[in-house]
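The exercises below ask you to work through parts of a model step by step.

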Amino acid sequence: MTTLRQRRVGKGTEAAEDQPSEETNVKPDGKILSDPTGGKLWNILSITVGGIVAISLGLLTSVYVATLHENDLWFSNIKEVEREISFRTECGLYYSYYKQMIQAASIQQGLHGLVYDNKTESVRTINILERMNVYQEVFLSILYRILPIQQYLEPVYFYIYTLFGLQAVYVIALYVTSWLLSGTWLSGLLAACWYITNRVDTTRVEFTIPLRENWALPFFAVQIAAITYLLRTHLQPVQERLTLLAVFIATFLFSLTWQFNQFMMLIQALALFILDCLDMLPTAKVTWLYIIQISGLLLVCVLQFFNSMILGSLLISFNVSVLITRTIQKNLKKGGFLNRFGKLILHVLLVLCLTLLINKFIKKILNLESDEHIFKFLKAKFGFGATRDFDANLYLCEEAFGLLPLNTFSRLSSTLLFYAYGFVLFLLTVAAVIVAFRNLSGSNEVQLKEKLEEYTVTLKPDAAYSLVHTVLFGCLALSTMRMKYLWTSHMCVFASFGLCSTEVWKLILKCLHLYTSQRTQVIKYSVPIITLLYISFKFWPGIMDELSELREFYDPDTVELMNWIKSNTPNTAVFAGSMQLLAGVKLCTGRTLTNHPHYEDKNLRERTKQIYQIYAKRSPSDVYGILRSFGTDYVILEDSICYERRHSRGCRLRDLLDVANGHIMDGLGENEPDLKPSLYPRFCEEIKKNLPSYTMHFTRVFQNKTFHVYKLAKHK
């Protein structure tokens, strides 16, 4: 098991011009500039300073996470095999393709090895570029080969520095989004500081570097920044076209780098759909965003050799359904409240029914079952019936796919982020409800408009989108902890925007009958400055202590295993074991695998369940037959799985296998009434007794405190 230990000493929608005229030329101190030339100079100076601060914070964040990574592992000092083992589970699998491309005799040979890969899954040839999102590894490896940097920078450092560099892009994008929403770069500064001080809940890049989300989320943040700018009014045609191009590029890169892109963009499409139905966004711009999502995903589909999972995605079916239904219901936004509300209900029902119909048709035509495990997991998670499905339960029992822990909110509250977020969320939600009701009512009464004027200024199209975006992704994070990083980063943007927003403070002061322009400006700048001072004084010492704490990578058992495999097994040997461990075996040794952690393939999921019978109650002849059917030469058993204690009864891997096989689980506790005792003991325990029925098929060739390796006999 990988651990960290203390290091030992001595070891080698609105543009800026859309702001109210009384506040167009206002300094942070609240003084109004009467000279237009002076106002322009102030704006240029403000943009210049804000841009410098954004870039500086982005670079500082990159250095910060890179330093944490170095301090945690002593990465510069450990051996290559230890560096590779530090890329845990699927991270190691993805990095192995970068290493494979670097070590190939030529770029063409490297690409051929990926397109016709027969080492990732034994007795099968698969197309890695079609199955997995690894174009970023391909691009980086080609870049490393053609740039004159081989003598100065090792391949692994080129790789990890690129990921840490993307964190700079991420922070700058969050900064810019908050700046665009509020109109002041002080908001961006606060968003970036919150992102850094809440690092535990906003990113995990320093210890899961090659994870797909660490590639994708910076591009998603850039896309959101571009959408925020696009939703401003009075954009020039050239500005709008360039912004649409930026949205498309960011959407394409986001889709290319993460297999779960379609689900994230589906939530984004739902946000656009809700706001369009409530007449809070310009329909033409929403249509362009639907088209960009579809075209970006289809381009990725082409690059991934027409990956069927993309073609069968709910996102494409939903967006197409919305566009078709809109052409049918042309008068959707006309009439009184009851008339429009009825049309809206019908519109929603038509879109949902058409989405399901199109999606089911596509999946039937393509015989698509790659993502069925996700829907089984969702069905079981939200209480639509218990399941004994092994794949669904494998997700249900992982903490990362459980509900968001309550201690998350205490950590976010300690930086004042959650308090500010809740404050802004409540205000804008109330404003959104009022504006939505007014839009659906279609009333043109002057009295009503005057009554609602103070609310409408706080809900421009870009703010409305940010509100619905954060609500929907908040629901996702609350239901699935692993997805919290999509929410918490935008939480920083949303909270900082609200605290620095003229419209928000103007609304509050008008409700309290205390509004003046000068008072609004004072509060708008003083509240975020006080918040920044509080964060600095409270968390700066902790950050310094964190940066000074030195540890080192320590996993001697895994290192010993990998060195033994490289030294004592042929290059063509096929290994079976847990998905997580085999990813490391491929990266460190280059041996062929029976299964791996990239789970988005039905055949692989079935294969993995069969391989995992080594931890079930099966006869030695059954296990031997299963392993040999996949060409296995060696099987690795892990005590941490065989005698697992991390999960409670019912969620241990051996329990999931027992239930799936119809066997009673080990230990005290209840069992389903139809489960029966197995005729055989647990394989991973019984094989260690060296009984004749086991030794005739399996010979132990390696063992240490953690791993046991058995060589399979080759019977005729």
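**Exercise 1.** Determine what volume the second largest cavity has, and which residues line it.

*Solution.* The second largest cavity has a volume of about 50 Å³, where a cavity is a set of points, on a 1 Å grid over the protein atoms alone, at which a 1.4 Å probe fits but cannot get out, and lining residues have an atom within 4 Å of a point. The volume is the space filled by probe spheres set on the points. This is a predicted model, in which local features need pLDDT of at least 70 and side-chain atom pairs count only at pLDDT 80 or more, while totals for chains, interfaces and linings use all residues. Residues are numbered from 1 along each chain as its sequence is written, and side-chain values use heavy atoms, with hydrogens and water left out.

Next, list the lining, which includes Gln-167, Tyr-195, Arg-204, Glu-213 and Tyr-485. By class, it holds 5 nonpolar, 4 polar and 2 charged residues, with Asp, Glu, Lys and Arg counted as charged, Ala, Val, Leu, Ile, Met, Phe, Trp, Tyr, Cys and Pro as nonpolar, and the others, Gly among them, as polar. Finally, assign the elements: helix 10 gives the most to this lining, with 4 residues, and helix 7 also supplies at least two.

**Exercise 2.** Find which helix gives the most to the lining of the largest cavity.

*Solution.* Begin with the space, which is about 100 Å³ in the largest cavity. Its lining includes Tyr-170, Phe-220, Ile-224 and His-490, and divides into 9 nonpolar, 3 polar and no charged residues. Two or more residues come from each of helix 7 (155–182), helix 10 (212–230) and helix 23 (484–499), of which helix 23 gives the most, with 5 residues.

**Exercise 3.** Work out in what order the strands of the open sheet stand, and which of them are at the edges.

*Solution.* The 5 strands of the open sheet follow the order 4-3-5-7-6, with mixed pairing; strands (E, at least two residues) and helices (H or I, at least four) are DSSP runs numbered from the N terminus, and two strands pair if DSSP finds at least two bridges between them. Strand 4 (592–593) and strand 6 (698–703) each have a single partner strand, so one side of each is left without a neighbour in the sheet.

Then examine strand 7 (residues 707–712), which runs antiparallel to strand 5 (residues 634–638) and is joined to it by 5 bridges. Strand 6 is likewise antiparallel to strand 7, through 5 bridges, and a hairpin of 3 residues connects the two. At the residue level, Val-709 in strand 7 has Ile-636 opposite and also Phe-702.

Terms used
1 Å grid on protein atoms, 1.4 Å probe; cavity = no way out; pocket = protein on both sides within 12 Å on 5 of 7 lines; lining within 4 Å.
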